[in-house]
Amino acid sequence: MFSQFVRKSCACALLLVSCLNPPLEPQPLTVTLTASQESAAVGQEIRFRYESRGTNLSQTVVEYGTGDMETIPFLYTGGAPVNINSQAGHFDYAYEEPGTYVARATVSTVAGDSQSATVTVMISGS
């Protein structure tokens with residue numbers, strides 16, 4: 001009798017969990033990158049915001065057009081990668097030389113697919 005109760009309780013618990021966390025559909029791979037301002041002076045910080053979405057994401061890389069970059073890995077706690085991932089955040093960056101720079105955010109998947117977005121900023125002398 002007790003084992004029958006346990007089996008039914010486990011079955012109900014698994015059903016409840018599956019209802020609360022339904023399987024997710026794959027999402028297309030997208031990334032956006034924006035700058036708080038598209039022109040600034042040397043040494044003035046610009047805030048770059050990124051948002052990445054897709055299925056089985058691996059990492060997002062933000063490049064500032066100077067050779068400097070930030071890499072944001074998607075962290076897994078073990079096992080297979082999560083089916084759907086998204087990540088968003090920002091970095092503040094100050095350019096040291098005047099010029100026109102193309103900043104790029106690139107998101108990649110575990111399978112090796114990638115998508116990029118760019119924003120152009122103009123930096124004037126101080």
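## Surface and burial

The accessible surface of the protein comes to about 8100 Å², and carbon and sulfur atoms hold 56% of that area. Areas come from the Shrake-Rupley method with a 1.4 Å probe; for residues, only the protein chains shown count as cover. Of the 126 residues, 27% count as buried. Buried means under 20% relative accessible area, exposed over 50%, and partly exposed in between (1.4 Å probe, protein chains only).

## Model and confidence

This is a predicted model: local features need pLDDT of at least 70, side-chain atom pairs count only at pLDDT 80 or more, and totals for chains, interfaces and linings use all residues. Residues are numbered from 1 along each chain as its sequence is written, and side-chain values use heavy atoms, with hydrogens and water left out.

The pLDDT (the predictor's confidence in each residue, from 0 to 100) averages 81 over the protein. A score of at least 70 is reached by 72% of the residues. Residues 5-23 fall below 50. Beyond near neighbours in sequence, that stretch has 0 contacts in the model. Contact means heavy atoms within 4.5 Å.

## Fold

The protein has 1 helix and 8 strands. From the N terminus on, the elements run α-β-β-β-β-β-β-β-β. Helices (H or I, at least four residues) and strands (E, at least two) are DSSP runs, numbered from the N terminus. Take the contacts with a separation of 6 or more: residues 24 or more positions apart account for 63% of them.

An open sheet of 5 strands has the order 2-8-7-4-5, with mixed pairing. Strand 2 (39-41) and strand 5 (69-73) stand at the edges. Each has a single partner strand, so one side of each is left without a neighbour in the sheet. The twist averages 20° from one strand to the next. Angles run from 0 to 180 degrees between N-to-C directions, on axes fitted as lines to C-alpha atoms, for helices over the stretch in contact.

Two strands pair if DSSP finds at least two bridges between them. Strand 7 (residues 99-109) and strand 8 (residues 114-124) pair in the antiparallel sense over 10 bridges. A103 has V119 in strand 8 as its bridge partner. The hairpin of strand 7 and strand 8 has 4 residues between the strands, and G112 takes a positive phi near 100° there. Strand 4 and strand 7 also run antiparallel, joined by 6 bridges.

## T106 in strand 7

T106 lies in strand 7. At 19% relative accessibility, T106 counts as buried. V61 has T106 as its bridge partner in strand 7. In strand 8, the bridge partner of T106 is S116.

The side chains of T106 and S116 also make a polar contact (2.8 Å). A polar contact is a pair of N or O atoms within 3.5 Å; within protein, one must be able to donate a hydrogen and the other to accept it, and residues adjacent in sequence count only if both atoms are side-chain atoms. Leaving aside neighbours within four places in sequence, T106 is in contact with Q59, T60, V61, E63, S114, Q115 and S116.

N56 sits in the loop between strand 3 (45-55) and strand 4 (57-63). N56 is not a glycine, yet has a positive phi of about 55°. Most residues other than glycine have a negative phi. N56 is partly exposed, at 26% relative accessibility.

G89 belongs to strand 6 (residues 84-94). G89 is partly exposed, with a relative accessible area of 23%. G89 and R49 are 40 residues apart along the chain, but their C-alpha atoms are separated by 5.8 Å. Not counting residues up to four places away in sequence, G89 touches F48, R49 and Y50.
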